[in-house]
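Thanks for making the time. I will walk through one chain, a few residues at a time, and leave the totals for the end.

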Amino acid sequence: LNINEGEFVGIIGPNGSGKTTILRAILGLILPRTGTLQIFDCACEHLRCHHRARIGYLPQKGKIDRNFPITVLETVIMGRYGVRGLFRRSGKQDMAIALQALEDVGMRNFQHHPFGQLSGGQQQRILIARALAQQPQVLLLDEPVSALDEATRETVCMELKHIQQETGTTTVHVSHNFEETRIVADRVGILDAGQLVQVGAPDQVFNYPANTDIAAFLRVGNILEGYAETDGEHASVTVGDTVLIASGAPSRCHGAVEFALPARDI
């Protein structure tokens with residue numbers, strides 16, 4: 001998988017397919033036994049986290065105990081310096097970076113609020129700001145909005161996309177939610193049992209799955225069997241006593257075929 005600088009790539013796949021493992025390998029929490037991993041022309045497969053490019057990471061369970069007595073601003077500073085950030089004297093530049101991160105997620109006015117008193121959606125915005133405060137060259141997001149309700153999830157996803165476009169940060173977003181991935185991703189990769197089985201623009205991947213396994217995972221529905229013939233311009237597919245005509249058919253569309261007939265396209 002080649003990810004371009006400044007690109008927002010979504011990775012989806014069934015549970016256990018390897019989505020979080022990819023993020024942990026990029027971050028350096030695990031080292032791959034085989035293969036190569038290159039970040040900004042640097043071979044990193046044998047380098048630990050602190051020897052790599054600046055990488056921001058928001059883990060799937062990136063939560064802070066609600067009872068932990070910490071303000072929103074302190075939470076973001078922790079992202080830049082860890083817990084020791086609470087006991088150091090932050091300089092003007094550090095403070096400006098933390099405040100800008102809060103500005104990016106629309107939470108600057110909450111800087112002095114106790115983190116534990118915020119709503120779930122607000123807390124998630126703060127955790128994103130904490131990752132941004134590291135000024136990462138690469139940002140890794142592991143199901144960052146999975147704990148939010150549907151309406152809040154969509155709002156936060158649109159904010160994420162806007163922030164990424166503003167900062168130009170190369171971002172890898174792991175999710176099992178298709179609509180969430182459609183909102184944020186420039187390209188989508190589908191993992192299945194550790195294998196990358198399809199990569200493309202969201203509309204290409206979701207509308208034209210590469211095989212029936214991917215179509216089933218994407219819940220395309222109505223996967224049928226038939227016999228196809230083509231004249232180069234149109235294809236006719238015979239299913240039982242019914243003949244369907246499709247325009248713009250590929251030249252290889254001939255003989256026994258499996259095809260999808262999504263209900264939304266009828």
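Gln111 counts as buried, because its relative accessibility is 16% and the cut-off for buried is under 20%. The model is a predicted one, so please take that as read for everything that follows. Gln111 sits in the loop between α3, residues 92-104, and α4. Setting aside neighbours within four places in sequence, Gln111 is in contact with Thr71, Val72, Leu73, Leu99 and Leu102.

Take Val72 from that list. Val72 belongs to helix α2, which covers residues 72-81. Is Val72 buried or exposed? Val72 is buried, because its relative accessibility is 0%. Beyond residues up to four places away in sequence, Val72 touches Leu102, Phe110, Gln111, His113, Phe115, Leu118 and Ile126. There is also a distance to note: between Val72 and Arg130, C-alpha to C-alpha, there are 9.5 Å in space, against 58 residues in sequence.

In soluble globular proteins, nonpolar side chains tend to be buried together. Here, the largest nonpolar core has 44 residues, and the members that touch the most other members are Ile12, Val76, Leu102, Ile126 and Leu218. Which helix gives the most to this core? Helix α4, residues 120-132, does, with six residues. Another core lies apart from it, with 15 residues, including Leu23, Ile26, Tyr57 and Val138.

Leaving out neighbours within four places in sequence, the contacts of Leu218 are Ile12, Phe178, Ile190, Val205, Phe206 and Pro209.

Val138, from the other core, is also a contact of Phe40. Phe40 is in the loop between β2, residues 38-39, and β3, residues 42-43. Phe40 counts as partly exposed, since its relative accessibility is 36%. Apart from neighbours within four places in sequence, Phe40 is in contact with Glu5, Ala53, Gln137 and Val138. Phe40 and Glu5 are 35 residues apart in sequence, and their C-alpha atoms are 8.3 Å apart in space.

Next, the hairpin. Strand β7, residues 187-192, pairs with β8 in the antiparallel sense, over five bridges. Two residues lie between β7 and β8 in this hairpin, and Ala193 in the turn has a positive phi of about 55°. Val199 is in strand β8, residues 195-200, and is the bridge partner of Gly189. Val199 is partly exposed, because its relative accessibility is 37%. Val199 also belongs to a nonpolar surface patch of about 300 Å², made by Leu1, Ile3, Leu196 and Val199.

Now the charged side chains. How many salt bridges does a search of the whole structure find? The search finds five, and I will go through some of them.

Asp186 forms a salt bridge with Lys161, with the closest N and O atoms 2.7 Å apart. This pair links distant parts of the chain: Asp186 is in the loop between α6, residues 178-184, and β7, while Lys161 is in helix α5, residues 150-167, and the two are 25 residues apart. Asp186 is partly exposed, at 35% relative accessibility, whereas Lys161 counts as buried, at 11%.

Arg182 forms a salt bridge with Glu179, and here the closest N and O atoms are 3.6 Å apart. Arg182 and Glu179 are three residues apart in helix α6, so about one helical turn separates them. Glu179 counts as exposed, with 52% relative accessibility, and Arg182 is partly exposed, with 27%.

Asp203 forms a salt bridge with Arg182 too, with the closest N and O atoms 3.2 Å apart. Because Asp203 lies in helix α7, residues 202-207, and Arg182 in helix α6, this pair ties together parts that are 21 residues apart in sequence. Through shared partners, the salt bridges join Glu179, Arg182 and Asp203 into one network.

Finally, the totals. The chain has eight helices and twelve strands. Of its 266 residues, 43% are buried. Among contacts with a separation of 6 or more, 62% are between residues 24 or more positions apart. The accessible surface of the chain is about 14900 Å², and 48% of that belongs to carbon and sulfur atoms.

Technical notes. Residues are numbered from 1 along each chain as its sequence is written. This is a predicted model: local features need pLDDT of at least 70, side-chain atom pairs count only at pLDDT 80 or more; totals for chains, interfaces and linings use all residues. Side-chain values use heavy atoms; hydrogens and water are left out. Helices (H or I, at least four residues) and strands (E, at least two) are DSSP runs, numbered from the N terminus. Buried means under 20% relative accessible area, exposed over 50%, partly exposed in between (1.4 Å probe, protein chains only). Contact means heavy atoms within 4.5 Å. Accessible areas come from the Shrake-Rupley method with a 1.4 Å probe; for residues, only the protein chains shown count as cover. Patches are made of residues with over 30% relative accessible area and no salt bridge: like charges are joined within 9 Å, nonpolar side chains (Val, Leu, Ile, Met, Phe, Trp, Tyr) within 5 Å. A salt bridge is a side-chain nitrogen of Lys or Arg within 4 Å of a carboxyl oxygen of Asp or Glu. A nonpolar core is a set of buried Ala, Val, Leu, Ile, Met, Phe, Trp, Tyr and Cys residues joined through side-chain atoms within 4.5 Å. Two strands pair if DSSP finds at least two bridges between them.
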